[in-house]
Amino acid sequence: MSILSTLNGYSRGVTAEAVRDRADVLVDLLGQDGAGADAAIKKLSIRLRRLANHVERELRRELAAQGIEAWELEVLLSLRRAPGQRLSAGALLRGSQVTAGAITNRVARLEGNGWVRRDVAPADRRHVLVTLTESGQRRADEILCIKTTTEERLLGRAGPAAIQRMSQDLRDLLLAIEGPATDEHADEACRAALQ
């Protein structure tokens, strides 16, 4: 049975019990009963890590072929979706989970390429605002196209119904772990700095 037929089976609600994946084998090697809750949790964890690794590795490979680093994707796409394509350096820092020094270096490199502009916030000169330039917009669009194509190529094998179901299941799990999103209006700090 091919991976495509297995994924299509999932999308129709049919399980492929006879087809074992690496998570099944690894849990068996741990001496776990494959039917228990502990084994199911271990298998889920293994599968999530493996899937994330596949997506990350393939995306990095596709981006590198175009001379793009993964962090560029994070910063440029954050700016691309922000109101006015502008965020404070602090908002970029909070969204990126890296150090302040790393954000400063990344913004400086993007500015050196002409993809962003740094300005002092008019309302508070202690704050820096980072704005996507026109060439930065083109770069962000290029990166988004590569990202979308890569994700569709890898994840689109499962079919629309399976993707919807898995996405909802993972959303529910993440809400249970992280709670609701509290940063839906991350741009508010940037807007306040502009006033």
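Residues are numbered from 1 along each chain as its sequence is written, and side-chain values rest on heavy atoms, with hydrogens and water left out. In this predicted model, local features require pLDDT of at least 70 and side-chain atom pairs count only at pLDDT 80 or more, whereas totals for chains, interfaces and linings use all residues.

The protein has nine helices and three strands; helices (H or I, at least four residues) and strands (E, at least two) are DSSP runs, numbered from the N terminus. The order of the elements from the N terminus is α-α-α-α-β-α-α-β-β-α-α-α. Of the 195 residues in the protein, 27% are buried, where buried means under 20% relative accessible area, exposed over 50% and partly exposed in between (1.4 Å probe, protein chains only). Contact denotes heavy atoms within 4.5 Å. Among contacts between residues at least 6 apart in sequence, 59% join residues at least 24 apart.

The three strands form an open sheet with antiparallel pairing, in the order β1-β3-β2. Because β1 and β2 (116-120) each have a single partner strand, they stand at the edges, and one side of each is left without a neighbour in the sheet. Neighbouring strands are turned against each other by 25 degrees on average, direction ignored. Strands are taken to pair if DSSP finds at least two bridges between them. β1 and β3 pair over three bridges in the antiparallel sense, and leucine 87 stands opposite valine 130 in β3. The antiparallel pairing of β2 with β3 (residues 128-132) comprises five bridges; here aspartate 119 has leucine 129 in β3 as its bridge partner. Four of the five residues of β3 are buried, and this strand is therefore largely enclosed by the rest of the structure.

Helix α4 (residues 70-81) lies across β1, β2 and β3 and runs at about 85 degrees to β3. Helix α5 (residues 89-96) also packs on the sheet, where it touches β1 and β3, and its direction makes about 85 degrees with that of β1. These angles run from 0 to 180 degrees between N-to-C directions, with axes fitted as lines to C-alpha atoms, for helices over the stretch in contact.

Apart from its neighbours within four places in sequence, leucine 79 is in contact with Gln85, Arg86, Leu87, Leu92, Val116, Val130 and Leu132.

Serine 88 belongs to strand β1 (residues 86-88) and counts as buried because its relative accessibility is 7%. The side chain of serine 88 reaches the backbone nitrogen of alanine 91 at 2.9 Å.

Methods:
Polar contact = N/O pair within 3.5 Å; in protein donor to acceptor, adjacent residues only side chain to side chain.
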